[in-house]
Amino acid sequence: MNEKSKVYLDYAASTPIDKRVLEAMLPYLENIHGNPASIHTYGQQVGGAIEKARIEMAEMLNCSPTEIIFTSGGTESDNLAIRGAAFGAREARDANHLLITPVEHHAVSHTVEQLIEFHDFEVEYLPVDEYGVVRPADVKERLRPDTAIVSVIYANNEFGSINPMHEIGEICREKGVPFHTDALQAAAYFSLDVEELTVDLMSLGAHKFYGPLGVGILYVKKETLLSPIQTGGTQERNMRAGTLNTPYIIGMSKALGLARKDLENNNKKLTAMRDQMIGRILEEIPHSKLTGHPTKRTPHIASFVFDGVDGNQLLMLLDVAGYACSSGSACMTGDPEPSDVILALGYPKNWAFGSLRVSIGRGTTPVEIQGFLEILPEKIEQSRNGSSTG
Ligand SMILES: *Cc1c(COP(=O)(O)O)cnc(C)c1O
């Protein structure tokens, strides 16, 4: 198998960096250097570039530049949002109750688990429907005066469903409880207008929208109490210490601008390919089910469960055939347990073990999808026969 015939169908795990993004970053890696916090000309030059990028991104999020905190990526943004708001709310109003969904990324769910285990917080999981979607009425019913934070993923990374952000946000705002969303998978496809979404905290990561790895944003609405989790210098309004990563922040701003620009065209193109894939797979592969909502889902994710299939084995067979896919979250690779997120949708283990996520992006062509659809039934059959879990 030569490299040319490899097909990347894992855009939800990471997107390749856009050439134009790389070009915008290069001067800051090659020639322009300095610590943006320094008083001298070098510092002013990079500091100025960062503030310009901050203003540009604030415009795209419809917020004030001071509400943007730069981080090392989605994981750190989620950590800062959850841990920071939990400790902030405990200090300010003795709140210890965390309200999240059972289908969060591990960056959220494992942070919450640590708060439970070592810091005596209490967690309550919101019920989700068969598509993994939260009902706003359930949030209303479970919100308490001592709820420290509500966190609901915007577009799910394993099964693509989108949540009714605005409706949930209104309920939280009425009660004065901070509302966080992990928007990593939504950034390149849906509105990021924080007013429209009615969020107080929102996590973004550049490598999910054709920017560089290892850089992200946490949007923090002005009045939100956030206790820092990384201490040191006074960067980012004392909320996130550490010298800012100039080239990566410049790249992130460029990438977000480009993603927001072709949003509608790109969404249309991806939705057509996604739906063709979903239709054919459900039709041609016996004992297959779509995971997540059939229509209220992100354009780049087609996700399935197959009865009696070993998902990891299937991924290996597909990789050998030249197709890079995933079974839900990239972090689950090599894990012998089925994804806790897929189990939360109510599938029995023999179905949840056989999960497949095919995620497409700017480089995906109908020809690639055609080729994939041609070999998939045979690979599923092979992994059914060789499976020890079915
Ligand atoms: C990728 C991803 C993360 C983690 O972001 P990193 O920037 O890779 O740390 C968190 N949440 C979701 C939904 C993601 O897709």
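This is a predicted model: local features need pLDDT of at least 70, side-chain atom pairs count only at pLDDT 80 or more; totals for chains, interfaces and linings use all residues.
Modeller: The residues of the shell around the ligand divide into two nonpolar, seven polar and three charged.

Biologist: Which residues are around the ligand?

Modeller: G73, G74, T75, D78, H105, I153, N157, D182, L184, Q185, H207 and K208.

Biologist: Which helix gives the largest share of that shell?

Modeller: Helix α3, residues 74-93, with three residues.

Biologist: How far is the polar side-chain atom of T75 from an oxygen atom of the ligand?

Modeller: The distance is 2.6 Å. For Q185, an N or O atom of the side chain lies 2.7 Å from a ligand oxygen. For H207, a side-chain N or O atom is 2.8 Å from an oxygen atom of the ligand.

Biologist: And how much of the ligand's accessible area does the protein cover?

Modeller: On its own the ligand has 380 Å² of accessible area, and the protein covers 87% of that.

Biologist: Changing topic. In what order do the three strands of the open sheet come?

Modeller: The order is β9-β10-β12, with antiparallel pairing.

Biologist: Why is one side of β9 and of β12 left without a neighbour in the sheet?

Modeller: β9 (288-290) and β12 (355-359) stand at the edges and each has a single partner strand, so one side of each has no neighbour in the sheet. On average, neighbouring strands of this sheet are turned by 25 degrees against each other, direction ignored.

Biologist: How many bridges join β10 to β12?

Modeller: Five, and the two strands run antiparallel; β10 covers residues 301-306.

Biologist: Which residue in β12 is the bridge partner of F304?

Modeller: L356.

Definitions and conventions
Residues are numbered from 1 along each chain as its sequence is written. Side-chain values use heavy atoms; hydrogens and water are left out. A residue is near a molecule or strand if one of its heavy atoms lies within 4 Å of it. A polar contact is a pair of N or O atoms within 3.5 Å; within protein, one must be able to donate a hydrogen and the other to accept it, and residues adjacent in sequence count only if both atoms are side-chain atoms. Accessible areas come from the Shrake-Rupley method with a 1.4 Å probe; for residues, only the protein chains shown count as cover. Helices (H or I, at least four residues) and strands (E, at least two) are DSSP runs, numbered from the N terminus. Ala, Val, Leu, Ile, Met, Phe, Trp, Tyr, Cys and Pro count as nonpolar, Asp, Glu, Lys and Arg as charged, and the others, Gly among them, as polar. Two strands pair if DSSP finds at least two bridges between them. Axes are lines fitted to C-alpha atoms, for helices over the stretch in contact, and angles run from 0 to 180 degrees between N-to-C directions.
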